[in-house]
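I would like to walk slowly through one model today, so please keep it in view while I talk.

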Amino acid sequence: MGSDEIARLEKLVDRLLTERGELLQSNDVLTREQDRLLSEQARVSGELDSLLAKLDRLERKS
């Protein structure tokens, strides 16, 4: 293998490592956003359950 081929392979490996790092960072951001949205979904679901229970009690009283 010639020195030009080795240099090209080294550049390719560097580029791939850089892209991998960027993808890992992007994945971390997306994972945090997913966790935030799931937490928000659980909170909203809990509030809706509470409201539905209150409505159910009001309907039974009337």
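What we have here is a predicted model, in which local features need pLDDT of at least 70 and side-chain atom pairs count only at pLDDT 80 or more, while totals for chains, interfaces and linings use all residues. Residues are numbered from 1 along each chain as its sequence is written, and side-chain values use heavy atoms, with hydrogens and water left out.

Let me start with the overall shape. The protein chain holds 1 helix and 0 strands, where helices (H or I, at least four residues) and strands (E, at least two) are DSSP runs numbered from the N terminus. That helix, H1, covers residues 3–61. If we draw a box along the principal axes, the C-alpha atoms fill roughly 90 × 10 × 5 Å. The radius of gyration of the protein chain is 27 Å, whereas a compact globule of 62 residues would have one near 11 Å; the radius is taken over C-alpha atoms, and the globule rule is 2.2 Å times the number of residues to the power 0.38.

Arg 15 and Asp 4 are 11 residues apart in sequence, and from C-alpha to C-alpha they are 17 Å apart in space. Leu 38, which lies in helix H1, is 23 residues from Lys 61 in sequence and 35 Å from Lys 61 in space, again C-alpha to C-alpha.

How much of the protein chain counts as buried? The answer is 0% of its 62 residues, with buried meaning under 20% relative accessible area, exposed meaning over 50%, and partly exposed lying in between (1.4 Å probe, protein chains only). The protein chain exposes about 5900 Å², and carbon and sulfur atoms supply 57% of that area; these areas come from the Shrake-Rupley method with a 1.4 Å probe, and for residues only the protein chains shown count as cover.

Part of that surface is a nonpolar patch formed by Met 1, Ile 6, Leu 9, Leu 12 and Leu 16, which together have about 480 Å² of accessible area. A patch is made of residues with over 30% relative accessible area and no salt bridge, with like charges joined within 9 Å and nonpolar side chains (Val, Leu, Ile, Met, Phe, Trp, Tyr) within 5 Å. Leu 12, for example, is partly exposed at 34% relative accessible area. Leu 38 is also partly exposed, with a value of 47%.

Let me turn to the charges. The protein chain has 11 positive and 14 negative charges, and their mean positions are 9 Å apart; Lys and Arg count as positive and Asp and Glu as negative, while His and the chain ends are not counted. The place of a charge is taken as NZ of Lys, CZ of Arg, CG of Asp or CD of Glu.

Side chains of opposite charge can pair when their charged atoms come close. A salt bridge here is a side-chain nitrogen of Lys or Arg within 4 Å of a carboxyl oxygen of Asp or Glu, and by this rule there are 5.

One of them joins Glu 19 and Arg 15, at 3.3 Å from N to O. These two residues are 4 residues apart in helix H1, so about one helical turn separates them. Glu 19 is partly exposed at 37% relative accessibility, and Arg 15 is partly exposed at 49%.

Another links Asp 56 and Arg 60, at 2.2 Å from N to O, and here too the residues are 4 apart in helix H1, about one helical turn. Asp 56 is partly exposed at 32%, whereas Arg 60 counts as exposed at 61%.

Elsewhere, salt bridges that share partners join Glu 40, Arg 43 and Glu 47 into one network. Within it, the closest N and O atoms of Arg 43 and Glu 40 are 2.4 Å apart, and these two residues lie 3 residues apart in helix H1, about one turn. Arg 43 is partly exposed at 39%, and Glu 40 is partly exposed at 34%.
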